[in-house]
Number of protein chains: 2
Amino acid sequence: MSNNIFAIILAGGSGSRLWPLSRELHPKQLMQFTDDYTLFQSAFIRLVNNVDDKNIITATNAKHDSQVRYQLEALQKKFFRQSSYRVITEPLVKNTAPAVALGIKYIEKINKCEDEPIIIVTPSDHFIPEPEKFAKIVEQALKLAQENYIVTFGVKPSKPDTGYGYIRAKKNKKLRDISEKALKVDFFSEKPDEESVREYCESGKYYWNSGIFVFKASVMLAELKKYAPEIYDIIHNAEITSQIPTIPYLEYDKMPDISLDYAVMEYSKKLAMLPMDCEWHDLGSWEAIYDISEKDENGNSVQGNVIDLDSKDSMIYSTSKLVTTIGLKDMVVVETEDAFLVCEKSRAQDVKKVFNLLKEKNDSTHLVHKTVYRPWGYYTVLTEGDGFLTKCIQVNPGGKLSLQLHHHRSEHWVVLEGNALVIHNDEEHYMSPGDSIDIGIEETHSLQNPYDEPIKILEVQRGEILDENDIVRLKDIYGRV
Amino acid sequence: MSNNIFAIILAGGSGSRLWPLSRELHPKQLMQFTDDYTLFQSAFIRLVNNVDDKNIITATNAKHDSQVRYQLEALQKKFFRQSSYRVITEPLVKNTAPAVALGIKYIEKINKCEDEPIIIVTPSDHFIPEPEKFAKIVEQALKLAQENYIVTFGVKPSKPDTGYGYIRAKKNKKLRDISEKALKVDFFSEKPDEESVREYCESGKYYWNSGIFVFKASVMLAELKKYAPEIYDIIHNAEITSQIPTIPYLEYDKMPDISLDYAVMEYSKKLAMLPMDCEWHDLGSWEAIYDISEKDENGNSVQGNVIDLDSKDSMIYSTSKLVTTIGLKDMVVVETEDAFLVCEKSRAQDVKKVFNLLKEKNDSTHLVHKTVYRPWGYYTVLTEGDGFLTKCIQVNPGGKLSLQLHHHRSEHWVVLEGNALVIHNDEEHYMSPGDSIDIGIEETHSLQNPYDEPIKILEVQRGEILDENDIVRLKDIYGRV
């Protein structure tokens, strides 16, 4: 592996079309679907075939930063020699063009090789069951990028779908001399309208754009300068160093909210395409999840606590409660702790509409699950009412909640399982199941698990204002002070 | 109103076809659907048009006894002069023939009138939106019963349905002289097979049996003696008095598990029929509930926290969490705290199969809700785990949990809302929101609400055995010691 090969994994999406399983703060790329790894982790593992792991950069945003780091740490322990991973954090969510521009600039700063960087950009929500085949295609793409092409990966459309960009490409001797299957792109249309899509698919001459790109840093920067100068200028002038892998909020906020496809790909004359000669799935909707799932003899994909009578070709997914279904056909049913979805499978794209509706209504079910993951474990809201809120808190072995205080609420903790260390007003309390403690407003406290078994704590919050933001962190091992 | 007119409301069913809203311990007749009253309460109120309220007897079983009494008490305060209501309690669940026989015998004991009792028997799960019209039909039925007829109420079938008994009846001068619209029943078939049902409905000559009957006590007893002697004999020899409105478990257990329709109606030569000339609904399935519900312009009946896109002719019912539906057609979706049903509307009868499956599997979701109603209020199980269980307990104003102790568990209470009186080891504690108390194994305790606002308590149970049956009641205002 050459040291000038880098990768940027784009891991900042919100996964609105896989709601209610996916939430803005727990999006699909950070979830497990098919094996022991999350989609994001799988994307990372896949890249290691072509890129040195220390050269793989994850681009995420402030909202997903701690979960991304947590998942990278889990990988690191299992796989890699490196003692650290590289994450660039967008201060707010923009589209892919700003994120990629930021990534290129950062890679230029950390590149220690004499050759200039060649970069693979990949989304984090693809499912590619044969990573070795994929690695061979990437190998060819790297050769093309070396010759100053921007390489795209084309997928033969399985149906007319307005959710993709469409590529038309043709044979070209110069390209074929570099890589046998390479084609020259002569038309790139990002998400065309329904009529065009139908026409493209009928002609049989078009490919979907998979969203994976390979290019030389200087080539892409030149294209950005040409076609998206407002992005180029900000990135060019930003003070990005190998130590500061981000950019000030106010600078980043000036960036247009645009994808790399709209900003560059639709205009660039340097595009080459390699056909994606391996199984590939964009897990962009529940229908796509259904497609890759194992099915029973009635064509149903069933997961969790489900009783079904006579359903066919449906996806029934329960995360907690009993779901019973009778006589469904081509449906998607998804149950989570706080929201249920029942949807015609062919309408799966419209889940995004529900997500946006909830967001507009400021309904938190678009944003978080009742169970919220934290670096130290997770908590679940059990019940809330006038002036109170109760949670069940799990602290993993070694986990420590920050030393904190609240201005507006008191807390009462009861240990349910395991043994806890509670720091309360500088005093240490070792607590066992059944023990309880009162923590008043403004009193400093921390809940810690110094042992090997997880602990469960019941928390009763009381106060006029009960808000996750009412936390003053005084000390935190996860750097959240 | 003559003092010899009595009624028996059959309120012991389990309502399996309205699962998951209806549970064995919280069946449909005890639930509210259309107005401020439960179906059972509405049945009671309806009868008051024809029967003195003290002559209305509710037949239920041990499982539903306390809820039935609670609902009668609620009515009593609002409506009636009586200081007590009458409930007969089957020691175990049998079908309607034993329950009616027990009721007749009890009525004979309490009848203080010289005329012998005439009895109206009615299920408790009907919806009759025009009770005045119904009362006029009952008035006619009473006249027929006086002349020794057993009167049934026939409903014109709206579709072939194997869930009903079918009646064929014809004009008869003798009957017409008593009541103008009365017909003589010449054929009664309880739940015939599909083919017969189709034939009956096509002929246009048949009626559904509504399940409401009116008869003279002596007439029905004579028919029972003739056609169901095994029931008659047990009831005849049982020691039933006005003070003891039940029958020993072992006696009742000998009764055959048979409905009055199969035991008597299919054989009796004394049947008259009055057409049910008013709107009538047997709320026997989700489809029936849909039929009587208010619908929006798309034909959807929507209740609770629901977001829908483009569904049609569907019932979407949420009791707690967010339910989102996209593109449904003729579906039933029902959400409860612990179970979720998605069903083709035309398959609504098969919900009973799911209920029975759950019962076989001993899954408690057939039996109780996560929220369980008690005479003093209700509780909801929040979370359970290894050696612990947490509940949120609401005690209504004036409510008192029994003075009790547990052999296998300790409890920890935290007041969330309202002010509570806790009796603990003979000591009184007045507790406010935020206060907590530990109750050890074998320690006597009672939770009481002496104030006008409901209270909410969080309970943490801990122990090797956490079972609702581990309650030793020492004192109880609801007679459960």
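## The model and its confidence

This is a predicted model in which local features need pLDDT of at least 70 and side-chain atom pairs count only at pLDDT 80 or more, while totals for chains, interfaces and linings use all residues. Residues are numbered from 1 along each chain as its sequence is written, chains are lettered from A and ligands numbered from 1 in the order in which they are written, and side-chain values use heavy atoms, with hydrogens and water left out.

The pLDDT is the predictor's confidence in each residue, on a scale from 0 to 100. For chain A its mean is 91, and 99% of the residues of the chain reach 70 or more. For the complex, the predictor gives an ipTM of 0.77 and a pTM of 0.79.

## How the two chains are related

Two copies of a chain are related by a rotation about an axis and a shift along it.

Contact, here and below, means heavy atoms within 4.5 Å.

Helices (DSSP runs of H or I, at least four residues) and strands (runs of E, at least two) are numbered from the N terminus. In helix H1 of chain A (residues 39-47), 8 of the 9 residues are buried, so the helix is largely enclosed by the rest of the structure. Buried means under 20% relative accessible area, exposed means over 50%, and partly exposed lies in between, using a 1.4 Å probe and protein chains only.

The buried residues of H1(A) include A:Phe40, A:Phe44 and A:Arg46, and among the elements of chain A that cover them are strand E1 (5-10), helix H2 (65-79) and helix H4 (131-146). A:Arg46 also lies over the face of A:Phe134, at 5.9 Å from the ring centre; a charge sits over a ring if NZ of Lys or CZ of Arg is within 6 Å of the ring centre and within 35 degrees of the ring normal. Elsewhere in chain A, A:Lys345 lies over the face of A:Tyr290, at 3.6 Å from the ring centre.

## Helix H6, a helix with two sides

In helix H6 of chain A (residues 194-203), the buried residues are A:Ser196, A:Val197 and A:Tyr200. Seen down the axis of H6(A), they fall within an arc of 100°, so they line one face of the helix; the arc is that of the directions from the helix axis to the C-beta atoms. On the other side of H6(A), the exposed residues are A:Glu194, A:Glu195, A:Glu199 and A:Glu202.

The buried residues of H6(A) pack against strands E7 (166-170), E8 (183-189) and E9 (206-216) of chain A. Just after the helix, A:Gly204 takes a positive phi of about 75°.

## A cluster of aromatic rings

Over all chains, a search of the whole structure finds 19 aromatic pairs. Rings of Phe, Tyr and Trp (its six-membered ring) pair if their centres lie within 6.5 Å, and planes under 30 degrees apart count as stacked, over 60 as edge-to-face and the rest as tilted. A:Tyr166 and A:Tyr200 form a tilted pair, 5.7 Å centre to centre with 50° between the planes, which links strand E7 and helix H6 of chain A across 34 residues. Both A:Tyr166 and A:Tyr200 are buried.

The rings of A:Phe187 and A:Tyr206 have centres 6.1 Å apart and planes at 90°, so this pair is edge-to-face. A:Phe187 is partly exposed at 28% relative accessibility, whereas A:Tyr206 is buried at 9%. Ring pairs link A:Tyr166, A:Phe187, A:Tyr200 and A:Tyr206 into a cluster.

Most residues other than glycine have a negative phi, and most peptide bonds are trans. A cis peptide bond, with omega about 5°, joins A:Trp19 and A:Pro20, and A:Pro20 is placed in the loop between E1 and H1 of chain A. A:Asp310, which is not a glycine, has a positive phi near 60°.
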